[in-house]
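Please keep the sequence and the structure at hand while reading.

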Amino acid sequence: MAKELKNYEVHLVEENLLEITGKGDNPLWKNAQVLTDFCSPWDSEKPSKIEFKAVWDRENLFFCFTVSDTMIHIDRKDDSIHSIGSSDRVELFFRSNHAMNPYYCLEIDTASRIMDFVAYPNKKFDFDWNWPQNNMAVKSSIDDNSFTIEGVISILSLKMLHLINDNKIETGLFRAKYNEKEKSIFEPVWISWVNPETETPNFHTPSSFGILHLIE
């Protein structure tokens, strides 16, 4: 029997009132369910607190990660895929069905740099693909205790990519945290909303997804 997917309710807010600032400080965020149920199944240490929130206004899906972390690692060599992929970041993966053929990935670091790509089974990635233009934006901020990454994705683009089915979006929510093991040598810790129950870290698998349920 298939395992029941984790479910997060995305509450409806009034249209055209939420503008992202990168701080997650709009009063409308008080309407959101706060998700803190993240784990790092492949690491013995409990990850620092992550808060995820999402709301929608029928035109856009809004999301916000607030991560308790004061030791942020960012690779500033350039703005390449490799640089973003070597930095602390949050990630959202979207799929239209269990087959994940294709699925769409957004990986965002603390400088609001976005690595967006389309992926296929067996970790076949197309980095030439981009999210539909003018249909997604992110902003970020860092304070003394945490960093926040706030974003908006148009409902139109999610529908264009066949990602909304019966008001449900099958989604993976993740974090990559880089810790310095030796001087200038950083190793990642992989953190997920859903425990994919894989022997080694793997977000690119059907068992790593849950559901964002758009509530009318």
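## Nonpolar cores

A nonpolar core is a set of buried Ala, Val, Leu, Ile, Met, Phe, Trp, Tyr and Cys residues joined through side-chain atoms within 4.5 Å, where buried means under 20% relative accessible area, exposed over 50% and partly exposed in between, with a 1.4 Å probe and protein chains only. The model is predicted, so local features need pLDDT of at least 70 and side-chain atom pairs count only at pLDDT 80 or more, while totals for chains, interfaces and linings use all residues. Residues are numbered from 1 along each chain as its sequence is written, and side-chain values use heavy atoms, with hydrogens and water left out.

The largest nonpolar core has 49 residues, of which Tyr8, Phe38, Phe52, Leu61, Phe65, Trp131 and Leu158 touch the most other members. Strand 3 (residues 60–68) contributes the most to this core, with six residues; strands (E, at least two residues) are DSSP runs, numbered from the N terminus. A second, separate core of eleven residues includes Phe93, Tyr103, Phe203 and Phe209.

## Strand 4

Seven of the seven residues of strand 4 (residues 89–95) are buried, so this strand is largely enclosed by the rest of the structure. Strand 4 runs antiparallel to strand 5 (residues 103–109), joined by seven bridges, and Arg95 stands opposite Tyr103 in strand 5.

## Cysteines

With a disulfide defined as a pair of cysteine sulfur atoms within 2.5 Å, a search of the whole structure finds zero. For Cys39, the nearest cysteine sulfur, that of Cys105, is 18 Å away.

Definitions and conventions:
Helix = DSSP H or I, 4+ residues; strand = E, 2+ residues; numbered from the N terminus. Pairing = 2+ DSSP bridges.
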